[in-house]
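Thanks for coming. I have one structure to go through today, and I will keep it short.

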Amino acid sequence: MRYLPLTESDRGAMLAAIGASSVDDLFRDVPAEARLARALDLPNHAGEMEVERRLSALAAPNMTAGSVPFFLGAGVYRHHIPAAVDALIQRGEFLTSYTPYQPEVSQGTLQYLFEFQTQVALITGMEVANASMYDGATACAEAAAMACRITRRPEVLLSGSLHPHYRAVTATALQHTGHRIEELAPDPVGIEDLMGRIGGDTACVVVQNPSFFGGLRDLAALAAACRAEGALLVVAVAEPVSLGLLKSPGAMGADIVIAEGQSLGVGLSFGGPGLGLFATREKYVRQMPGRLAGQTVDADGRRGWVLTLSTREQHIRREKATSNICTNSGLCALAFSIHMTLLGEQGFRRLARINHAAAAKLAARLRAIPRVRVLARRFFNEFALLLPTAAAPVVEELAARRILAGVPASRFYPDFPELADVLLVAATETATESDMDALAAGLAEVLK
Amino acid sequence: MTGYRDGHRGILLEEPLIFEQDSPGCSGVDLPEVEGAEDTLDGLLREGPIGLPDLAEPSVVRHYTRLSQKNFGIDSVFYPLGSCTMKHNPRLNERMARLPGFADIHPFQPETTVQGALALIDECARWLKTLTGMPAIAMSPAAGAHGELCGLMTIRAALDARGEARRRVLVPESAHGTNPASAAACGYMVDSVPANARGRVDLAALKAKLGPDVAAFMLTNPNTCGLFEDEILEIAAAVHAAGAFFYCDGANFNAIVGRVRIADLGADVMHINLHKTFSTPHGGGGPGAGPTVLSHALAPYAPLPLVIHDAGGLRLVEHPLDPALRATGAAPLGRLKGYHGQFGTFVRALAYMMSHGADGLLQASSDAVLAANYLLAELSGDLTPSYPGPCMHEALIDDRFLKDTGATTLDIAKALIDEGFHPMTMYFPLVVHGALLIEPTETESKATLDAFVATLRDIVRRAKSGEGPALREAPHLAPRRRLDETTAARQPQLRWFPPAPAKAAE
Ligand SMILES: Cc1ncc(COP(=O)(O)O)c(C=O)c1O
């Protein structure tokens with residue numbers, strides 16, 4: 001058994017040192033009737049080749065994004081990840097370390113978290129960011145709870161533009177804590193009246209930009225309306241690459257920004273793990289969930305980093321903590337941060353422009369197909385198409401032709417028949433001209 | 001003068017922040033420029049620079065490589081952090097998670113195109129259910145604490161379905177902080193249960209606290225003192241007799257895998273930290289995964305998504321209106337996580353479980369317990385174990401042995417750093433004074449354990465022979481000496497800011 005370094009003679013010597021007759025003897029506190037008397041119905045150990053064979057057999061049948069024209073988004077985006085990212089995150093000192101509780105021997109982790117927090121604050125236009133949450137959806141729930149703590153108000157208003165998983169996770173996580181969740185109907189074209197719904201009980205309004213259906217909006221007026229009513233504006237960003245091109249949520253007046261960081265460095269991986277980004281204003285920092293790396297000095301006066309403000313956290317505050325989160329998404333934060341560093345100011349902005357240009361080109365091509373409409377007037381790298389027929393079977397049909405065309409809105413909203421014909425289509429820098437040709441031709445043919 | 005400038009020592013080099021290495025004109029990527037596409041985005045475009053630094057790839061690679069060298073990891077040192085199960089992270093797991101068929105698939109592809117991925121989730125679930133003896137599992141929780149929330153929510157849903165509004169959750173005082181925090185996040189009042197003199201739950205005190213308003217008792221077993229709760233069957237019976245549910249925190253599952261099934265202990269629910277017991281790397285703070293096994297009574301409330309078998313193969317149930325739910329009478333409590341859970345972590349955990357197999361997993365838990373007892377035995381002459389053995393996978397020591405030495409638990413931990421060992425967990429659990437919680441895991445050789453024992457004994461003897469105050473200076477050889485945490489918290493500096501422009505010369 002290749003992962004176990006003790007030999008039989010080691011075991012014997014160790015038992016002798018302990019003064020136990022057998023390993024079973026060490027388990028004498030386990031009640032006899034609770035000890036497993038038989039072998040489990042599971043196979044015995046296997047060598048690397050064998051495990052690789054069995055797992056490869058499960059990997060093989062899946063249609064990989066890179067092998068076909070691919071246009072899926074809906075909160076998870078396929079971007080090119082520079083080779084250096086994966087090589088660096090696999091350095092054992094990053095991969096195999098714990099949460100940096102011992103700062104003297106965790107300066108590597110703490111410094112990259114400090115850099116990560118700075119990058120997240122910069123791109124979101126906020127003052128401070130934490131060291132990550134599980135994913136965008138759970139970060140959204142945490143943001144709503146934080147807004148309720150700050151405003152001491154119970155109601156959370158969720159825009160119809162918000163990712164349905166973010167909505168569901170927020171509603172689920174806050175169901176037992178005296179919060180009230182108001183969800184507006186899904187809003188593919190961006191006409192909902194959020195401002196009219198803000199009242200004296202509203203702790204926060206949560207909107208997504210670009211919206212789940214791809215549309216863009218200026219949130220400044222909404223931010224002003226929130227401020228006038230004493231509510232906070234929470235802005236969700238499911239595609240952080242958009243921040244290279246668009247006005248930042250902070251610049252539009254957001255109080256809390258949460259985002260899914262998966263787009264940068266993390267990859268698809270069937271949707272998990274992701275990376276929750278969480279940023280806010282300095283004045284709210286003591287209400288923030290999650291870990292924070294902060295700068296300080298050591299006994300010799302040299303600059304260094306530690307985890308700080310932990311009196312907010314579960315290991316100190318227990319049931320009064322701002323969140324129960326402990327393990328977060330450290331390695332994904334590292335991947336994100338390395339990808340961001342490779343991009344830099346210039347690369348990040350270019351990447352965003354390339355994405356937008358790709359989507360604009362694709363939209364023009366698909367709009368030319370008879371009876372197909374592009375719903376959003378202004379979008380970033382994803383838009384909603386209105387097809388003349390139900391989208392889900394069209395997607396299946398195209399998948400059978402080895403084209404992964406997009407995500408049908410009905411997958412999230414089976415109870416909204418008016419969304420049955422809506423298809424979300426995303427194009428990133430990974431989409432080639434010929435991919436776009438294939439989708440346009442395939443879609444035209446299927447719709448014929 | 002040592003001959004080194006700027007504090008450099010060998011290859012342990014000082015490394016500035018990326019923001020201090022900005023080199024405009026450089027880039028770590030080659031991307032083409034595109035023009036004009038954003039014409040339609042008037043009024044929505046970013047104004048002014050973001051402030052990100054520009055660096056070429058070699059600078060970036062060197063930066064992160066140097067940062068990595070300032071970290072201890074399991075790959076380089078013994079890392080006996082109690083309660084954290086820092087075992088070897090097999091690289092086969094990493095290779096498997098990177099197979100394109102797992103890494104390069106999107107969560108919303110048609111299910112027909114991801115049958116292998118769904119089978120992987122299903123197979124990982126089968127192993128975890130078999131190892132725990134539990135009939136159902138929620139795969140989506142992202143970590144242990146998230147699994148706690150999931151488990152408590154299923155309990156609350158089951159109680160709601162029974163029409164019972166129970167408001168209290170009992171938690172031992174030795175519990176990890178996430179337990180009370182999760183109970184509060186589920187809307188419960190937390191009431192703490194004392195430990196007895198043997199470091200276990202005080203059964204009489206528990207019984208006295210159980211009542212019609214208690215929803216659940218949360219217990220870590222083996223507990224956070226590294227001991228098996230030998231009255232666990234009585235505990236489970238008492239909890240159930242009061243109409244409450246029995247939550248097991250599975251953070252310490254590594255001690256009993258293959259030997260004890262938690263179903264046979266009377267548990268109703270347990271989360272499993274795949275980043276502990278099942279060797280998926282901790283990654284400097286995640287990502288992890290916290291699949292949560294459930295009893296028959298709690299199974300119907302498992303959060304979405306579910307993977308089910310139907311005529312067409314494997315299928316995801318993602319929406320509360322899915323007809324499959326009506327057919328089975330399931331009433332999911334909602335959704336706790338975007339998409340389908342920590343898929344990449346499932347791949348790694350399954351690779352690990354397949355590698356060990358039933359026989360290897362049993363050997364692993366046996367070796368983990370053997371190693372901890374060996375440390376307990378070898379250290380008991382010089383240090384003060386809090387409770388007599390046998391322990392399970394970790395050994396708990398308190399600071400009585402430091403009395404009158406002038407040194408503290410913290411000093412001992414920091415002195416270990418200078419000797420090339422990562423410290424044990426300190427000051428947790430809270431039930432003993434100055435706790436040192438040592439978890440060696442099964443992946444350390446006897447030679448490493450012996451070296452650790454010799455080193456720790458030596459440090460303790462130094463403390464006892466008058467060097468205690470000197471230990472307060474440790475570490476000396478780490479990239480940093482002790483850091484000023486008080487100032488960090490009083491004047492938080494949580495991000496980099498560009499230096500203020502220098503005042504113009506008079
Ligand atoms: C006993 C115990 N319970 C719960 C947790 C929380 O698990 P996680 O960090 O995966 O959220 C931990 C680990 O940190 C733990 O040691």
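I will start with the ligand site, then take a hairpin, some backbone geometry and the domains.

This is a predicted model, so please hear every value with that in mind.

First, the ligand. Residues from chains A and B surround the ligand, so the site is shared between chains. The shell has 15 residues, and those that come nearest are Thr327(A), Ser83(B), Asp249(B), His275(B) and Lys276(B). By type, the shell divides into five nonpolar, seven polar and three charged residues. Helix H5 of chain B, residues 144–161, gives the most to this shell, with three residues.

On the chain A side, a polar side-chain atom of Thr327(A) is 2.5 Å from an oxygen atom of the ligand. Also from chain A, the side chain of Tyr98(A) has an N or O atom 3.4 Å from a ligand oxygen. From chain B, a polar side-chain atom of His275(B) lies 2.7 Å from an oxygen atom of the ligand. As for cover, the ligand taken alone exposes 390 Å², and the protein buries 99% of that.

Next, the hairpin in chain A. Strands S8, residues 293–297, and S9, residues 303–307, run antiparallel and are joined by five bridges. One of the pairs is Val297(A) with Arg303(A). Five residues sit between the two strands, and in that turn Gly301(A) has a positive phi of about 80°. S9(A) is mostly covered, with four of its five residues buried.

On to backbone geometry. Most residues other than glycine have a negative phi, and most peptide bonds are trans. Where does Arg152(A) lie? Arg152(A) is in the loop between helix H7 and strand S2 of chain A, and its phi is near 55°. Ser269(A), in the loop between strands S6 and S7 of chain A, also has a positive phi, about 45°. Are these two buried or exposed? Arg152(A) is exposed, at 75% relative accessible area, whereas Ser269(A) is buried, at 12%.

There are cis peptide bonds to look at as well. In chain A, the bond from Asn209(A) to Pro210(A) is cis, with omega near -10°, and Pro210(A) is in the loop between strand S4 and helix H9. In chain B, Gly389(B) and Pro390(B) are joined by a cis bond with omega about 0°. Pro390(B) is in the loop between strands S10 and S11 of chain B.

Last, the domains. The assignment for chain B gives domain 1 as 1–28 + 52–60, domain 2 as 92–350 and domain 3 as 358–482. Taken over C-alpha atoms, the centres of domains 1 and 2 of chain B are 44 Å apart.

Key:
Residues are numbered from 1 along each chain as its sequence is written. Chains are lettered from A and ligands numbered from 1 in the order in which they are written. This is a predicted model: local features need pLDDT of at least 70, side-chain atom pairs count only at pLDDT 80 or more; totals for chains, interfaces and linings use all residues. Side-chain values use heavy atoms; hydrogens and water are left out. Buried means under 20% relative accessible area, exposed over 50%, partly exposed in between (1.4 Å probe, protein chains only). Two strands pair if DSSP finds at least two bridges between them. A residue is near a molecule or strand if one of its heavy atoms lies within 4 Å of it. A polar contact is a pair of N or O atoms within 3.5 Å; within protein, one must be able to donate a hydrogen and the other to accept it, and residues adjacent in sequence count only if both atoms are side-chain atoms. Accessible areas come from the Shrake-Rupley method with a 1.4 Å probe; for residues, only the protein chains shown count as cover. Ala, Val, Leu, Ile, Met, Phe, Trp, Tyr, Cys and Pro count as nonpolar, Asp, Glu, Lys and Arg as charged, and the others, Gly among them, as polar. Domain bounds come from an automatic or database domain assignment.
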